[in-house]
Amino acid sequence: MSPDCTVPEPADRVTGLIELALGQTRQAHTAILDTIHPNLPPARRLGAERMMRLLETSGIFRVPVLDELDALIRQVELEIANGTSETFRPNESDPAEGHVERVHDAYALALEPAQDALRLLHRRITDVMDAVEAQRIASALIASD
C-alpha cells in the first residue's frame, strides 16, 4: 500500500456512511412530502404518511424502516406502471421492424425522481447497517483470538 493511501478507521467510515444516509433521508422526506404524497389518491396515502413519520424520528437504521421503505417503493413503482403505456412504433421503411416506445403521463414522470430518492435512501440505510455489522463481526473475531 502506498504511503498516500490511507484506510479510514472503521468508526470514521461508519460516521461517513451515516452522514450520507442522513442527507439522503432529508431528500427522500422532501420527495415524499412534495411529490409522492400529493400525487397519491387520498385512499393510498397511508404508506407515504407512515414513511414520513419514520423518517422524522432518528431511528432510521432499523429493519422495520427498511420494510416500510420497500413497501412504499413498490407502491410508487405500481403507480408509475399505471401511468406508463407502451406502444410499438414500426420503422417507415420496414413496418415489420421497429421499437417499443414507453410513454409516461405527467403523474408517472413526477413520481420517477421521487422513486429514485427512495431507492437511494434504502441503499444508504443498508450500507450503514452492513458497515456496523461488519464492525461488530470484526471486533468479535479480534476478541476471540
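User: What does R44 count as at 39% relative accessibility?
Analyst: This is a predicted model, in which local features need pLDDT of at least 70, side-chain atom pairs count only at pLDDT 80 or more, and totals for chains, interfaces and linings use all residues. Residues are numbered from 1 along each chain as its sequence is written, and side-chain values use heavy atoms, with hydrogens and water left out. Buried means under 20% relative accessible area and exposed over 50%, with partly exposed in between (1.4 Å probe, protein chains only). R44 has 39%, so R44 counts as partly exposed.

User: Which residue meets R44 in a salt bridge?
Analyst: Side chains of opposite charge can pair when their charged atoms come close. A salt bridge is a side-chain nitrogen of Lys or Arg within 4 Å of a carboxyl oxygen of Asp or Glu. At 2.8 Å from N to O, the side chain of R44 meets that of E79.

User: How many residues apart in sequence are the parts that R44 and E79 tie together?
Analyst: Helices (H or I, at least four residues) and strands (E, at least two) are DSSP runs, numbered from the N terminus. R44 lies in the loop between helix 1 and helix 2, while E79 lies in helix 3, so the pair ties together parts whose separation in sequence is 35 residues.

User: Is E79 buried or exposed?
Analyst: E79 has a relative accessibility of 3%. Because of that value, E79 counts as buried.

User: Which helix holds R119, the residue that pairs with E77?
Analyst: E77 and R119 meet through their side chains in a salt bridge of 2.3 Å, N to O. Both are partly exposed, E77 with a relative accessible area of 31% and R119 at 40%. E77 lies in helix 3, so the pair ties together parts 42 residues apart in sequence, and R119 lies in helix 4.

User: Which strand holds R89, the residue linked to E101?
Analyst: E101 forms a salt bridge with R89, with the closest N and O atoms 3.3 Å apart. E101 counts as partly exposed at 29%, and R89 is partly exposed at 38%. The pair links distant parts of the chain, twelve residues apart, with E101 in strand 2 (residues 98-104) and R89 in strand 1 (residues 84-90).

User: How many salt bridges are there by this rule?
Analyst: Among them are R44 with E79 and E77 with R119. By this rule the count comes to six.

User: How many residues does the largest nonpolar core have?
Analyst: A nonpolar core is a set of buried Ala, Val, Leu, Ile, Met, Phe, Trp, Tyr and Cys residues joined through side-chain atoms within 4.5 Å. In the largest one, I32, I36, M51, L72 and L118 have the most contacts inside it. Helix 1, helix 2 (46-56), helix 3 (63-82) and helix 4 each supply at least two residues of this core.

User: What is the relative accessible area of L111?
Analyst: L111 has its place in helix 4. Contact means heavy atoms within 4.5 Å; not counting residues up to four places away in sequence, L111 touches T35, I36, N39, V76, E79 and I80. L111 is buried, because its relative accessible area is 0%.

User: At what angle do helix 2 and helix 3 pack?
Analyst: Axes are lines fitted to C-alpha atoms, for helices over the stretch in contact, and angles run from 0 to 180 degrees between N-to-C directions. The contact is made by G47, A48, R50, M51 and L54 of helix 2 and V65, E68, L69, L72 and Q75 of helix 3. With axes 10 Å apart, the two helices pack at an angle of about 145 degrees.

User: Which residues is H29 in contact with, leaving aside its neighbours within four places in sequence?
Analyst: H29 lies in helix 1 (residues 10-39). At 18% relative accessibility, H29 counts as buried. Leaving aside those neighbours, the contacts of H29 are M52, L55 and E56.

User: How far apart are the C-alpha atoms of D145 and T25?
Analyst: D145 is found in the segment after helix 4 (106-144) and counts as exposed, at 82% relative accessibility. D145 and T25 are 120 residues apart along the chain, and their C-alpha atoms are separated by 39 Å.
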